[in-house]
Amino acid sequence: MGKSLATRVRDNLTAYGFMAAGIAVFALFSWYPLVRGVILSFQQVNFVTDPEWVGLANFKAIFDDPLFWTAWKNTLVFTGIALLLGYVVPFALAVLINEVRHAKGFFRVAVYLPVMLPPIVVVLLWKYFYDPGNGLFNAILKGVHLPTLQWHQSSSTAMLSLVLVSTWANMGGALIMYLAALQNIPGELYEAAEMEGASIWQRLRHVTIPQMRFILLVLLLLQIVATMQVFIEPFQLTGVTNTDTITVMVLIYRYAFAVNYDFGMAAAMSVLLFIVLGVFSALYLRLTRDEA
Amino acid sequence: MSSNDDVRSLVSPVFFRRHRGLYFTALTVLIVLFSLIFLFPLYWMITGALKDNQEIFSPQPTIIPQSFHPETYLTAWKNLRIGHYFLNTLYYSVGVWFFQVLIDVTAAYALSRLRPVLGKLVLAGMLATLMLPMTALLVPAYLTVTDVPILGWNLINTPWALWLPGAANAFNIYVLKRFFDQIPQDILDAAAMDGAGKFRMLWSVVLPLSRPVLAVISILSIIGAWKDYLWPLLVLQDPEVQNLSVALTRLAATSGVVPFTQLLAGLVIASIPMILVFLVFQRSILRGLSAGSMKG
């Protein structure tokens, strides 16, 4: 039953009518900025005269900036500590909660509440907890007769302080996903393992973890992508001028909006971050699409 | 509280039955630990705002407030103009929700059911943006909203700077299209027989069937808009039009001028809508997350 040309043209026009707004917002606010970002990284802009083509000068400028290397190093350190804490802790807690036979709802709600708070609330609240003078944490340390810390204000503990806030605020999501995956593991596997005399530890190693391999890998990739874009914690707790904690995103902000007002350098830095994260994002998408 | 002893997990049921005392001790320890780690900070924030200035800055913190000033919340609402920023944020969030649903539902409907020429290409272009970390687009996106191509609009300090870029949401398109794809063709054919046009079909057949997925998208879009910080920080520069997150950091940066208990009250007020949304839609939110992990 072939439709006439006129009908097909009309159907297509109707369809594009429905999609027009969608195409417009994607074109203006996703596709165009993406292209412009790449072009911008090769340009010098001052908003008075026309943008000037400068080749690789922006990239050279950021490579020559010692802050560039500091920011990448800090970002990797943050991601590393965040994985150590934020990857292992929620998994361990999920395994524990999965064994609990009561108050499961309480655990889920409690662990997810911080995720619901606006990130700014979390960061400002923890800034108050960290306050070396009258913050809660030092009060607790004093209470148990331990030496107090300078938390985010000292270069030796600053990074750890940032990771703690971020982990507290974000681990709920991972924990809930682990719990769901744990509940999907068939009970027979544990029974069979037990029959063969496997201890709890061996069952964890040879049943639980292999069964969770997919979700563990997915969350590893998601967490790397998310933590490498860390911004609010260093931006609010330690600021754009603190070189102990400046991260890639904070440096992009600093280049564009705070110190240099150089959009070309910021765009060049964004392109580099984009390429690094793109590798992990592509891996993630391939993984989830193959399995879905 | 439900007790289901027959669930088989890591530890065997026999072990639980033999060691009930040990189990309940461990359970209590876990509940106390979770309360201290995840709930106590919230308690500290809510009660901190009730204390007077002397008590909150005392080096000896008090777990139960010794002074009681609930009026601080009212003062923050009025004098710090938290109320004003609250309403700004509400206005922005509802707008983000409205435009996301309007624009993404119509686009996904066309891509899923009307299948025009080059529809696959458009879909691929939209879904490709799922791979883009939006933060990497920060600078060019900012330049775009200061001078929108072709149209020449400057959206800075207007709600459109949040609403229009917010509507370009590839996740919504993906979820909605997948859902629309699964609606049986017979139902739509029957509606077409009754003389329903493409729009009637969307409005009275597809949308009523899509309530669960619309609910998920709506909840996520409201939560996302309410919590947003970095983008509003760039595009809402005029203090008058800022949302709560941006206004709170501005107020916090002027410490000494702003009474700290009022700032804490502001943090609590900014959190209340999110806590309410969570308590009301807890099941959908947590189930949505769990579903994300079921792909394996």
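1. The domain assignment divides chain B into domain 1, residues 13-75, and domain 2, residues 80-292. Taken over C-alpha atoms, the centres of domain 1 and domain 2 of chain B are separated by 34 Å. Ten residues from domain 1 of chain B and nine residues from domain 2 of chain B take part in the contact.

2. On the side of domain 1 of chain B that touches domain 2 of chain B, at least two residues come from each of α2 (20-48), α3 (53-56) and α4 (71-78) of chain B. By residue class, that side of domain 1 of chain B consists of five nonpolar, four polar and one charged.

3. An unreviewed UniProt entry places the feature "transmembrane region" at several stretches of chain B, among them residues 90-109, 121-142 and 201-226. In the predicted model, residues 90-109 of chain B are 100% helix and 0% strand, with the end C-alpha atoms 28 Å apart, while residues 201-226 of chain B are 96% helix and 0% strand, with the end C-alpha atoms 32 Å apart.

4. In helix α6 of chain B, which covers residues 119-128, Val122(B), Leu123(B) and Met126(B) are buried. Viewed down the axis of α6(B), the buried residues lie within an arc of 100 degrees and therefore line one face of the helix. Lys120(B), Leu121(B) and Ala124(B), by contrast, are exposed on the other side of α6(B).

5. The cover over the buried residues of α6(B) includes α1 (5-40) of chain A, as well as α5 (82-114) and α9 (170-181) of chain B.

Technical notes. Residues numbered from 1 in each chain as written. Chains lettered and ligands numbered in written order. Predicted model: local features only at pLDDT ≥ 70, side-chain atom pairs only at ≥ 80, totals over all residues. Buried ≥ 20, exposed ≤ 12 C-beta atoms within 10 Å, placed from the backbone. Helix = DSSP H or I, 4+ residues; strand = E, 2+ residues; numbered from the N terminus. Arc of directions from axis to C-beta. Contact = placed C-beta atoms within 7 Å. UniProt positions renumbered as here; feature names shortened; annotations may be inferred. Domains from an automatic or database assignment. Nonpolar A, V, L, I, M, F, W, Y, C, P; charged D, E, K, R; others polar.
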